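Let us walk through this structure step by step. Keep the model in view as you read.

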Amino acid sequence: MADSEVERLFTFDTVIMRGIPNSLRDGALRMEELGEVDMAKAQENQVAYRRAMEEDLGVQVVYLEADESLPDCCFVEDCAVVADGVALITRPGSSSRWPEVTLIKRILGGGLGQEIVEMTETDATLDGGDVMFTGKEFFVGLSLRTNQKGANSLANAFPNYPVSGVKVSGHLHLKSMMSMAGPGIIAVGSSEHAQRAIRQIKKVSNFDYMTVTLPDDAAANCVYINKTLLHCSEDEFPESYKVFAEKFPKMTRVPIANSELYKVDGALTCKSLLICKKPKV
């Protein structure tokens, strides 16, 4: 696959986001207790994220209202996997999150024109946060939230791309410790959990990738979109911020603070679904 074709798959015109419900503070799922969420600061970070998408990247943001009955609803990434005009509607690993997918499905299949594919095996689970698409293939974290049948569902939905499972330990999702920082570039944390996962990827991958290792696993979750990299702020992860600055001196970079949602396992990629809208025929 030509580099230009891979770059096309990281080019988007629309982003789905959802508001942060006040119920997140006490009701959101979390692997460990990392302190109380400052809701005012979380909302400020959300506004900055949306502003970056609209003003820095010029994409349309479809911003959905928060649902207080769904404390995790702002983490829209987990509800679908979207690529090449196809949207696989997931079955999140926690049943409390199943109602979240209904609205996301309607939006994706409506005005955004994506081809909807649903998971049919009732015991298959898949969180979008476990899915890393390189533009050439998929890696799926086999984690607390995603099982092998979920990975198989992804492979069935995207038959033109290789799909490989990666065992996840120490983190909620695969992308809690790595993500795509550009075409052919994987940002990965330095912990043993992250390094074990990237070694698995190197063994099973069908293509070669450059890796950029960051001191902080959480900082390895970044968003590459339209030749721009959204990544951690300097205040939150100063050493990892320095690595981004050194390794990507010519790339447009937008630092985004996310300190409060990190406390409930919410990373930068969790907050959006990236879409290339299909025109109506």
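Predicted model: local features only at pLDDT ≥ 70, side-chain atom pairs only at ≥ 80, totals over all residues.

In total, 16 residues line the second largest pocket. Those closest to its centre are His-171, Ser-176, Ala-218, Tyr-262 and Asp-265.

Now turn to the largest pocket. Its volume is about 630 Å³. The lining of the largest pocket is made up of 31 residues. Look for Leu-9, Phe-12, Val-82, Phe-133 and Leu-274, which are the closest to the centre. Which elements give two or more residues to this lining? They are β3 (80-83), β6 (131-133), β9 (178-182), β12 (223-225) and β15 (273-275). Strand β3 provides the largest share, with four residues. What is the lining of the largest pocket like by class? It has 19 nonpolar residues, seven polar ones and five charged ones.

Is Glu-7 buried or exposed? Its relative accessible area is 16%. The cut-off for buried is under 20%, so Glu-7 counts as buried. What does Glu-7 touch, leaving aside its neighbours within four places in sequence? It is in contact with Pro-183, Tyr-224 and Lys-227. With one of these, Tyr-224, Glu-7 also makes a polar contact between side chains, at 2.9 Å. Asp-78 lies 71 residues from Glu-7 along the chain. The C-alpha atoms of Glu-7 and Asp-78 are separated by 23 Å.

Last, go to helix α7, residues 238-247. Which residues of α7 are buried? Among its residues, Ser-240, Tyr-241, Val-243 and Phe-244 are. Where do they lie around the axis of α7? They cover an arc of only 155°, so they are on the same side of the helix. What do the buried residues of α7 pack against? Their partners are three strands: β11 (210-214), β13 (228-231) and β14 (252-255).

How values were computed. Residues numbered from 1 in each chain as written. Heavy atoms only, no water. 1 Å grid on protein atoms, 1.4 Å probe; cavity = no way out; pocket = protein on both sides within 12 Å on 5 of 7 lines; lining within 4 Å. Points joined across faces, edges and corners; volume = space filled by probe spheres on them. Nonpolar A, V, L, I, M, F, W, Y, C, P; charged D, E, K, R; others polar. Buried < 20%, exposed > 50% of the residue type's maximum accessible area, 1.4 Å probe, protein only. Contact = heavy atoms within 4.5 Å. Polar contact = N/O pair within 3.5 Å; in protein donor to acceptor, adjacent residues only side chain to side chain. Arc of directions from axis to C-beta.
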